[in-house]
Amino acid sequence: IEKRKIIGNNIITEFNNIKYKSAKMESVISLAKKASQTDSTVLITGESGTGKELFARALHYDSSRKKEAFLAINCSAIPENLFESELFGYEEGAYTGALKGGHPGKFELAHKGTLLLDEIGDMPLNLQPKLLRVLQDSKVMRICGKGYIDVDVRIIASTNCNLEEKVKNREFREDLYYRLNVIPINIPPLRERTEDIELLANYFVKKFSSKLDKNVEDIALEALNTIKNYQWYGNVRELENAIEYAVNMTDKSYIDIDSLPNKLKNEKNKDNLVKNNSEELHTCECNSLRTIEELERNELKKAIKLYGLSNNSVNKICEELGISRATFYRKIKKYNLISHEIVINE
């Protein structure tokens with residue numbers, strides 16, 4: 001696992017630290033490298049967990065500003081009443097509890113460097129005109145300040161929401177959107193670049209084997225296929241968490257199917273159930289038709305065998321089949337689907 005340099009509290013992230021092999025990511029990396037050579041504002045979009053901050057850091061450390069500060073502010077994590085002081089700073093006595101001598105905001109602290117406005121879509125609407133003014137004039141005024149302060153900051157914004165929709169719904173200023181969206185970079189979700197899954201999974205195995213002082217070197221084929229077939233709606237972050245879990249759980253020199261998180265194994269079981277249902281339906285089509293009641297009874301049997309009959313299991317079955325609990329209990333009574341019958345018949 002590569003060792004990365006640290007400047008202050010920042011870990012230096014370069015484009016070669018981003019692991020990929022897909023053509024989609026190659027295209028995105030190529031665009032980002034071009035963007036890093038300018039001072040224009042960049043808007044990075046993508047689902048949660050795709051690595052937007054990683055890209056922002058790589059943009060900074062591939063730029064002429066790489067020896068200066070890289071700062072990030074999460075627009076969704078700061079209370080609205082504190083947001084302005086965090087961004088623009090304040091003078092002494094601006095409010096109760098203000099520090100003696102005042103305090104610089106993120107724009108001042110990032111002077112000559114880069115400021116990442118993470119989750120920009122959640123920025124309070126009333127502060128957006130002030131941000132727009134700073135972007136246009138490159139000057140900030142602290143709360144209760146008596147004059148403007150010049151700042152030279154490269155802005156990168158990121159979001160996992162659709163800003164165009166927010167503009168249409170008047171939840172985000174149109175003029176600010178266009179000011180931020182000078183160079184748009186969209187990071188595709190992991191399920192749209194499946195070629196990267198195996199590479200990333202193996203990378204994380206090595207990372208966590210080293211970090212956790214374990215001797216895990218590989219992923220068994222069945223486990224790897226399960227990983228590759230999973231949808232990964234949490235993207236790279238979810239994959240990383242799953243591999244960390246598996247490295248912790250395995251007592252072998254490799255990750256097997258039993259080491260994986262339950263959600264992956266349950267997804268595999270669901271896929272097998274769908275496959276079996278499809279094969280059964282195909283057999284029915286070739287030989288003879290079955291009544292709706294027969295099909296309904298078989299689906300209930302399969303669901304009970306897969307999930308069981310605990311309260312939580314019944315909730316899951318009802319959700320999957322799109323029926324109420326009352327309907328479920330009425331149906332299993334109608335078809336005499338008691339648990340011992342299911343075991344015997346299967």
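Student: Among contacts between residues at least 6 apart in sequence, what share joins residues at least 24 apart?
Tutor: In this chain, 71% of those contacts join residues at least 24 apart. Keep in mind that this is a predicted model.
Student: Okay! How many helices and strands are there in the chain?
Tutor: There are 15 helices and 13 strands.
Student: And how much of the chain counts as buried?
Tutor: Out of 346 residues, 41% count as buried.
Student: Can we look at one of those? Where does Phe107 lie?
Tutor: Phe107 belongs to helix H4, which covers residues 106-109. Phe107 is buried, with a relative accessible area of 2%, and the cut-off for buried is under 20%.
Student: What does Phe107 touch, leaving out residues up to four places away in sequence?
Tutor: Its contacts are Leu87, Phe88, Leu115, Leu131, Val134, Val140, Val151, Val153 and Ile155.
Student: How far apart are Phe107 and Asp150?
Tutor: In sequence they are 43 residues apart, and in space their C-alpha atoms are 9.6 Å apart.
Student: Is Thr41 buried or exposed?
Tutor: Thr41 is buried, with a relative accessible area of 6%. Not counting residues up to four places away in sequence, Thr41 touches Ile155, Arg179, Leu180, Val182 and Ile183.
Student: Nice. New topic: helix H14. Which residues of H14 are buried?
Tutor: H14 runs over residues 325-334, and its buried residues are Thr327, Phe328, Lys331 and Ile332. Seen down the axis of H14, these fall within an arc of 125°, so they line one face of the helix.
Student: Why would residues a few places apart point the same way?
Tutor: An α-helix has 3.6 residues a turn, so residues three or four places apart point the same way.
Student: Which exposed residues are on the face of H14 turned away from the buried side?
Tutor: That face carries Ala326, Arg330 and Lys333.
Student: And what do the buried residues of H14 pack against?
Tutor: They pack against two helices, H12 (292-307) and H13 (311-321).
Student: Let's take H12 and H14, then. At what angle do their axes cross?
Tutor: The axes of H12 and H14 cross at roughly 110° and come within 11 Å. These helices are therefore roughly perpendicular to each other.
Student: Which residues meet there?
Tutor: From H12 you have Glu293, Glu296, Leu300 and Ile304, and they meet Phe328, Lys331, Ile332 and Lys334 of H14. By class, this contact of H12 with H14 has four nonpolar, no polar and four charged residues.
Student: How do the axes of H12 and H13 cross?
Tutor: They cross at roughly 140° and come within 10 Å. H12 and H13 are therefore oblique to each other, and their crossing is right-handed.
Student: Which residues of H12 and H13 meet?
Tutor: Leu300, Ala303, Ile304 and Tyr307 in H12 contact Ser313, Lys316, Ile317, Glu320 and Leu321 in H13. The contact of H12 with H13 has six nonpolar, one polar and two charged residues by class.
Student: What about H8 and H9, at what angle do they pack?
Tutor: H8 (residues 195-211) and H9 (residues 221-229) pack at an angle of about 125°, with their axes 9 Å apart. H8 and H9 are therefore oblique to each other, and the crossing of H8 and H9 is right-handed. Ile197, Glu198 and Ala201 in H8 meet Leu224, Ile227 and Lys228 in H9.
Student: Great, thanks!

Technical notes
Residues numbered from 1 in each chain as written. Predicted model: local features only at pLDDT ≥ 70, side-chain atom pairs only at ≥ 80, totals over all residues. Heavy atoms only, no water. Buried < 20%, exposed > 50% of the residue type's maximum accessible area, 1.4 Å probe, protein only. Helix = DSSP H or I, 4+ residues; strand = E, 2+ residues; numbered from the N terminus. Arc of directions from axis to C-beta. Contact = heavy atoms within 4.5 Å. Axes fitted to C-alpha atoms, helices over the stretch in contact; angles between N-to-C directions. Parallel < 35°, antiparallel > 145°, perpendicular 65-115°, else oblique. Left-handed = near helix turned anticlockwise from the far one by under 90°. Nonpolar A, V, L, I, M, F, W, Y, C, P; charged D, E, K, R; others polar.
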